[in-house]
Amino acid sequence: MIQHLVQQPLPRAEGLQHDQWRAVEDAYGRLAAAVAADDRPLIVGSAKELVECVARVTLVAHGRVVPDGDDYTKVLAAAHKVIEHVIGSNIPGNHPVRQIPESAKKMAVQLRELRNHYGTGHGRATVHDITDEVVEASVHAALVWVRWALARLKTVLLGAVGPLLDDLQSGLFSQGDLAARLEAANIPRLVEAEQYRLGVAVGQRTARKTFNVRLEGIRACADDPQRWPDAYREGVVQGLFVNEDGQAYAYAAASADCAAELLQHHSDPAAVLTRLSDVLQAASWSLRFQQDHSEIITSMEDMLRKMPEAARPVWSTIIEELKARAPDGIR
């Protein structure tokens, strides 16, 4: 039975780099060779090694730094958490869709003990009798988690924050692309720092007049306000007015309007604008902002009525500060 199992190809996630996939294939090939030779200590050791390889590949592909000395169970738990977070924030922890993978992980965790007791990697003073049950349990435990993890890795890579941030700077976004990647990123489950960074990148790309990013990264907030956390909203607002070089930069037709819309559902819009004011006071003006400042400020004045009431005084202050810095006044 297990000879048939190890002959089946593993699912390869789209977007997985060649060297990472080679590492998985190498580990899987050694397990298959051990099964074919009925080298039982090597089967047990290779099963554990395959799981650890896939776990490390998952973390590296997701942009994590993984020390080579990290414990097996630590690496496995971290990789499982990375993959599990894309299941969906609306599915409770006790749902079978979560519990079944959790059971697979528990099986994989036990491979360390099986390997310590039976497998290769240790010089032994005695030879253990490795039964069919031990061999089959090792292979099944490894492949159940590995196959699940590799199948889920496609969604993980689709929603990986690092590559998405890079693409928001210079990539192309067709209709639906950003929506799918933000859904895969599962923004509510990201740490606040990543929520904010992602928001900044969306805001900056919107300020560069990319309509699909504006539609799917900002307008979508109005359709499902609870899905978009405060840190993401604040990041977008910052990105709508400050570019990658830390300069004032905005799109007159969108920046003010989008900021007002985003802040409608923020828990403390006045604080967001206060921090934006601090940034803009310290920022130089980009060439685009210098050229378009009159239209930008006019659009900001038009959006005063759309701002949450608590945020209007701060918004008015930002407008007056920009007017005071305008090189030729407001035309």
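Predicted model: local features only at pLDDT ≥ 70, side-chain atom pairs only at ≥ 80, totals over all residues.
**Overall build.** I began with the secondary structure and found 16 helices and zero strands in the protein chain. Next I looked up the spread: the radius of gyration is 26 Å, well over the 20 Å that the globule rule gives for 331 residues, so the chain is more spread out than a compact globule. The C-alpha atoms fill a box of roughly 90 × 35 × 35 Å along the principal axes.

I then checked burial, and 50% of the 331 residues count as buried. Among contacts with a separation of 6 or more, 71% join residues 24 or more positions apart. The chain exposes about 15,800 Å², and carbon and sulfur atoms supply 50% of that area.

**Largest pocket.** Here I noted about 340 Å³ of space. I counted 15 lining residues, with His 62, Arg 64, Val 82, Leu 190 and Glu 194 nearest the centre. Helices H4 (72-84), H8 (161-170) and H10 (192-207) each supply at least two residues of this lining. By class, I have six nonpolar, four polar and five charged residues here.

**Second largest pocket.** This one holds about 290 Å³ of space. Its lining includes Glu 14, Gln 17, Lys 154, Leu 157, Leu 158 and Arg 181. Which helices each supply at least two lining residues? I found H3 (40-61) and H7 (132-158), and H7 gives the largest share, three residues. By class, I wrote down five nonpolar, three polar and three charged residues for this lining.

How values were computed:
Residues numbered from 1 in each chain as written. Heavy atoms only, no water. 1 Å grid on protein atoms, 1.4 Å probe; cavity = no way out; pocket = protein on both sides within 12 Å on 5 of 7 lines; lining within 4 Å. Points joined across faces, edges and corners; volume = space filled by probe spheres on them. Helix = DSSP H or I, 4+ residues; strand = E, 2+ residues; numbered from the N terminus. Nonpolar A, V, L, I, M, F, W, Y, C, P; charged D, E, K, R; others polar. Rg over C-alpha atoms; globule rule 2.2 N^0.38 Å. Buried < 20%, exposed > 50% of the residue type's maximum accessible area, 1.4 Å probe, protein only. Contact = heavy atoms within 4.5 Å. Areas by Shrake-Rupley, 256 points an atom, 1.4 Å probe, with all protein chains shown as cover.
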